[in-house]
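Keep the viewer open as you read.

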Amino acid sequence: MVLLFVLGATIGSFLNVVVFRLPRGESLVHPRSRCLSCGHALGVLDLFPVLSYLFSRGRCRYCQRGFSARYMLVEAFTGLACVASWYVFVELRMGIAWPGGWMTLGPALQGALAFIATCALIVVFFIDLDHYIIPDETVIIIACVGLAMDGLRLFATGPGEMVSFAEPVSLSSEMVIHLPKSLVGMAVGAGVLLAIAVVAERVFKKPSMGGGDIKLAGAMGAVLGPGYGFGVYFLLAVFLGAIVGVVAMALGKRGRREYMPFGPMMAVAGVAMLYAGNVITPAVVARFLIP
Ligand SMILES: [Zn+2]
């Protein structure tokens with residue numbers, strides 16, 4: 001678990017670089033990270049996740065200028081997510097009921113996919129917070145995770161996991177169409193947010209939701225499927241947004257009409273659903289959705 005945390009935190013260190021450079025159109029691998037204040041290239045010691053921050057008390061070793069604690073928090077959170085990916089999918093065996101012979105590899109693959117989606121959501125959280133954009137790269141990664149998870153599920157449990165439609169083709173016969181949950185979920189997710197965006201724009205006379213939000217909803221629909229999973233996810237994101245909005249207004253940090261990005265709410269709700277969806281979904285559905 002310690003090794004998984006260090007691995008995750010190291011990836012988190014890279015996510016900090018992605019959050020900073022991706023919106024600026026800079027290369028993600030070159031050049032090496034520098035202190036933003038004195039420009040000194042950071043060495044291996046400075047890049048060691050979490051610990052380097054704690055040992056240097058959050059200051060640059062060369063110019064003593066303080067770094068934001070956010071870098072360390074991103075590293076620590078990514079490390080925890082890596083541990084959680086292993087614990088939830090491999091140890092607790094949440095998710096797919098795997099057939100014999102896949103008891104080790106199957107859960108590990110699912111955990112790895114959940115971790116990849118979490119990394120993309122961490123990047124979405126901070127880039128949308130800083131720049132009010134959701135990069136297409138992150139959306140594509142999450143959508144691919146959704147397709148791959150669906151592929152694994154179809155492999156493990158067979159075509160019963162597909163969405164089926166019976167379409168009458170004549171008076172006496174019908175054609176049964178099977179579609180993968182991820183593709184239907186993608187259409188439902190993007191469709192629901194597109195509909196809300198169109199209606200909200202008419203009502204409030206200004207754009208309230210960006211194209212990035214709609215694309216991200218499509219990608220999360222691919223991960224969560226078209227059913228209650230996505231519905232609960234969306235409610236969770238809206239609920240979070242309402243709480244954050246009210247708290248920010250109460251603290252005087254934000255005016256009533258000021259724009260608040262929705263991507264960070266969708267990212268937090270997404271991480272919650274990735275690891276605890278099978279607990280959250282039935283609880284929310286039983287309490288709020290079924291009278
Ligand atoms: Zn410095």
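## The overall picture

The chain has 10 helices and 2 strands, where helices (H or I, at least four residues) and strands (E, at least two) are DSSP runs, numbered from the N terminus. Going along the sequence, the order is α-α-α-α-α-α-β-β-α-α-α-α. The C-alpha trace spans about 80 × 55 × 35 Å along its principal axes. Of the 291 residues, 41% count as buried; buried means under 20% relative accessible area, exposed over 50%, and partly exposed in between (1.4 Å probe, protein chains only).

Some housekeeping: this is a predicted model, and local features need pLDDT of at least 70, side-chain atom pairs count only at pLDDT 80 or more, while totals for chains, interfaces and linings use all residues. Residues are numbered from 1 along each chain as its sequence is written, and side-chain values use heavy atoms, with hydrogens and water left out.

Which residues make the nonpolar surface patch? V2, V6, F48, L51, L54 and F55 do, over about 610 Å². The elements giving two or more residues to this patch are α1 (2-21) and α3 (51-55). Helix α3 supplies the largest share, 3 residues, and L54 lies in that helix, α3.

As for the rules, patches are made of residues with over 30% relative accessible area and no salt bridge, with like charges joined within 9 Å and nonpolar side chains (Val, Leu, Ile, Met, Phe, Trp, Tyr) within 5 Å. A salt bridge here is a side-chain nitrogen of Lys or Arg within 4 Å of a carboxyl oxygen of Asp or Glu. The areas come from the Shrake-Rupley method with a 1.4 Å probe, and for residues only the protein chains shown count as cover.

## The hairpin

Strands β1 (residues 163-168) and β2 (residues 174-179) run antiparallel and are joined by 6 bridges; two strands pair if DSSP finds at least two bridges between them. The two form a hairpin with 5 residues between them.

Helix α5 (residues 105-131) has 27 residues and reaches 39 Å from its first C-alpha to its last, close to the 39 Å expected at 1.5 Å a residue. That expected span is 1.5 Å times one less than the number of residues. Helix α8 (residues 211-224) has 14 residues and covers 20 Å from first C-alpha to last, close to the 20 Å expected at 1.5 Å a residue.

How much of α8 is buried? The helix is mostly covered, with 12 of its 14 residues buried, including I214, L216, M220 and V223. Just after α8, G225 takes a positive phi of about 85°.

## Aromatic pairs

Rings of Phe, Tyr and Trp (its six-membered ring) pair if their centres lie within 6.5 Å; planes under 30 degrees apart count as stacked, over 60 as edge-to-face and the rest as tilted. The count by this rule is 6 aromatic pairs. W102 and F155 have ring centres 4.7 Å apart and planes at 65°, so this pair is edge-to-face. The pair links distant parts of the chain, 53 residues apart: W102 sits in the loop between α4 (69-91) and α5, F155 in helix α6 (residues 136-157). W102 is partly exposed at 26% relative accessibility, and F155 is partly exposed at 47%.

F230 and Y233 give a tilted pair, because their centres are 5.7 Å apart and their planes at 55°. Both lie in helix α9 (residues 228-250), 3 residues apart, about one turn of the helix. F230 is buried at 4% relative accessibility, and Y233 is buried at 1%. Ring pairs also link W98, W102 and F155 into a cluster.

Most residues other than glycine have a negative phi, and most peptide bonds are trans. The bond from H30 to P31, though, is cis, with omega near -5°; P31 lies in the loop between α1 and α2 (44-47).

R57 is not a glycine, yet has a positive phi of about 50°. R57 sits in the loop between α3 and α4 and is exposed, with a relative accessible area of 72%. Y132, also not a glycine, has a positive phi of about 55°. Y132 follows α5, in the loop between α5 and α6, and is partly exposed, with a relative accessible area of 44%.
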